[in-house]
Amino acid sequence: MKTFVTPKFKVNRDEDRCIQCQVCVNQCSFGANYYDAEENKVKSREELCTGCHRCEAFCPTNAIRVTYNPLDYRGNYNWRPDIIEDITKQSETGGVLLTGMGDDKSQRIYWDHIVLNASQVTNPSIDPLREPMELTTYLGQKPERLELEPGTHNLKTKMTPQVKLDVPVMFSAMSYGAVSLNVQESLARAAKEMGTLWNTGEGGLHPSLYKYGDNTIVQVASGRFGVHADYLDAAKIIEIKIGQGAKPGIGGHLPGEKVSADVSLTRMIPEGTDAISPAPQHDIYSIEDLAQLIYALKEATNYTKPVSVKIAAVHNAAAIASGIVRGGADIVVIDGLRGATGAAPKVIRDNVGIPIELALASVDSRLRQEGIRHRASLVASGGIRSSGDVAKAIALGADAVYIGTAALISLGCHVCQQCHTGKCAWGICTTDLRLTKRINPEIGARRAANLLRSWSIELKDILGGLGVNALESLRGNRLHLRGIGLSDTELEILGIRMAGN
Amino acid sequence: MTTMSETIIKIDSTGVYYRDLNARLREAITNGATKIELQNVYGQRYIGTDLNQPVEIEIFGTPGNDLGAFMNGPRIIIHGSAQDGCGNTMNEGEIIVHGRAGDTVGLSARGGKIYIRGDVGYRAGIHMKEYQGKKPIIVIGGTAQDFLGEYMAGGTIILLGLKLKDGQDHLSRYVGTGMHGGVIYVRGNIPKYHLGREVGVAKLNEKDNAVLKEHVTVFSGLFGFNADDILKSNFIKLYPRWLRPYGRLYAY
């Protein structure tokens, strides 16, 4: 069937600069560039271009510019080009539209409507370059009160396991299979270097990564792939994945083509078979059932590790989070509307769930109202883009955040949203060995660690400006925030005042 | 009360909280116990979880949910019935139930063997897998409730229906919904309209019969049945019609 979808991008080649070296041909995993031997000329098939800019970055003579193909349809606010394109694709295939990364639609990004405070005159700001600044964060259940042994002053209260983070930013769950092993190793090494954690996702832990166990969160999700005793023992934290912001209520299908020998080894399923994660966990139909799995995992690891529960931010997130905390979770992760994915139906990604800012604020408020906020740490994720977002999330009540897309961008990702194709030209979201070697774990680790380093310096600057010397003083302190351009209801849910007030 | 004779340990579980009971199990096994008898078990959860040694645990009474969850090695014999989640994500080991078992028996199990004399609840063998040398097996003496073998990705389920009357069908509905691996052998019949659309029905071939005979013999030995009598009956084989049930679901 002839496709009616017009190319989205143009590959503009400056013929004066192009030396026909074919670097662009070799770099493009989507087949958008090719060499015509007869004419000794490099050409493009623009309909295959995804706008990932790999060729542009690697062209030695700067001859390529990838631009939007100006699709000058008759202007229509309702029937926009992307909507026409989606319908066309569906008519040609009869299938569900898949996509990668997070929601790219124009729902309000609340981070951009929240501003932070700083000290002026009445209280001094602190210079983080000369004074100690504390970002240390402990994840885990906190006791109601601390009791000391009389005389020795040793701690009498029996503490549940706590996990120390030097930076309150962790790498969120990305499974081996969705991303390559080199990506996981880059993140694992960076996490180790920076004193934070990375997350295996639901895809098992490759034998070569067990050595990063102290910086590893392992996931237990509905498919239970790769979950066995050694896997649980290796981890610092065990995370039960109920849902993810990009696809709340939806399971996952890792297509058989992506289940290579090595992926099969970590997922513990035969090579080439589909890895199907059902939508629900079939032993969890209620909070009581969730509690049962939480304690099964605690039993399985003899109460030595915190158990985390990750849910997508949905309408009743606050009530659900309360149940999760009462069910015995040590950490609750809320993943917002903009949370990303290796593959999800587009209609779900862009239409289901609520923004993380609102979910986080309402969950934190609810847990405080119920007097159980100390019983679990709160982790926010889904669309955290900068240290500014981190600071605002922490002021709204998060103990720490997860970053996924930002971490991948640090490795080279250009957010072209083709993760679901498995052809990532940047070698990130693929298991094709020809492509995965494009990420060198040593360089990848350096880039990801650099990102965390710069964010932590910036966080210290923000804290210093606020006149506090520990992240703990900002945590849940919404008086440091003000809203801009928000309605009364939005301000009320966020628990912040209007700027100027 | 704990009594010890050589390496056999007897624990009276009356009124013992599950966390303490499991701590005691761990301690006993660390001290070299190879056989443990738990008496008066009343619903304590997670028995056998976190035990990685080839120890034998005999349970008298009714253990609670998630018996042998994530288990990796032990052999558990229950003189009574098991509740929900028995053998949840099991990797290796054996569970023998002299009564019946609740819902989601062998959920996501990757290895090990589960023998149940009586009936099972909903979603038995759901998302069971297999991997390399590991191939989980569930033999059910009675019949099963709905969604038997849902999402099944590997392993073997044998449903014997020993208590069904002559000519009576199994009552389980939606059998093998989403099945994309493994095999289910059924003694007697499940009407076609009770099968998931991913499920195919076939007669057993020689290889199937050999597998069936092996496991039915073990099952009969455990519970005192005559294997030959059971094997004389008619069996059907349920298999996944496609290994990639959702391969054509997506546009791109």
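I began with the overall size of chain B. Its radius of gyration is 18 Å, which agrees with the value near 18 Å for a compact globule, because the chain has 252 residues. I note that this is a predicted model. Next I took the spans of the C-alpha trace along the principal axes of chain B: about 55 × 50 × 30 Å.

I turned to secondary structure. Chain B holds 12 strands and three helices.

Then I looked up burial and contacts. In chain B, 56% of the 252 residues count as buried. Among its contacts with a separation of 6 or more, 42% join residues 24 or more positions apart.

I checked the surface. Chain B exposes about 10,600 Å². Carbon and sulfur atoms supply 48% of that area.

Charges came next. I found 29 positive and 25 negative charges in chain B. Their mean positions are 7 Å apart.

I finished with aromatic rings. Over all chains, the structure holds seven aromatic pairs. One of them joins B:Phe219 and B:Phe223. I read 5.0 Å centre to centre and 65° between the planes for B:Phe219 and B:Phe223. This pair is edge-to-face, because planes over 60 degrees apart count as such.

Where do B:Phe219 and B:Phe223 lie? I placed both in helix H2 of chain B, residues 206–223. They are four residues apart, about one turn of the helix. Are B:Phe219 and B:Phe223 buried or exposed? Both are buried.

I also logged an aromatic cluster. B:Tyr17, B:Tyr18 and B:Tyr46 form it.

Notes: Residues are numbered from 1 along each chain as its sequence is written. Chains are lettered from A and ligands numbered from 1 in the order in which they are written. This is a predicted model: local features need pLDDT of at least 70, side-chain atom pairs count only at pLDDT 80 or more; totals for chains, interfaces and linings use all residues. Side-chain values use heavy atoms; hydrogens and water are left out. Helices (H or I, at least four residues) and strands (E, at least two) are DSSP runs, numbered from the N terminus. The radius of gyration is taken over C-alpha atoms; the globule rule is 2.2 Å times the number of residues to the power 0.38. Buried means under 20% relative accessible area, exposed over 50%, partly exposed in between (1.4 Å probe, protein chains only). Contact means heavy atoms within 4.5 Å. Accessible areas come from the Shrake-Rupley method with a 1.4 Å probe; for residues, only the protein chains shown count as cover. Lys and Arg count as positive and Asp and Glu as negative; His and the chain ends are not counted. The place of a charge is taken as NZ of Lys, CZ of Arg, CG of Asp or CD of Glu. Rings of Phe, Tyr and Trp (its six-membered ring) pair if their centres lie within 6.5 Å; planes under 30 degrees apart count as stacked, over 60 as edge-to-face and the rest as tilted.
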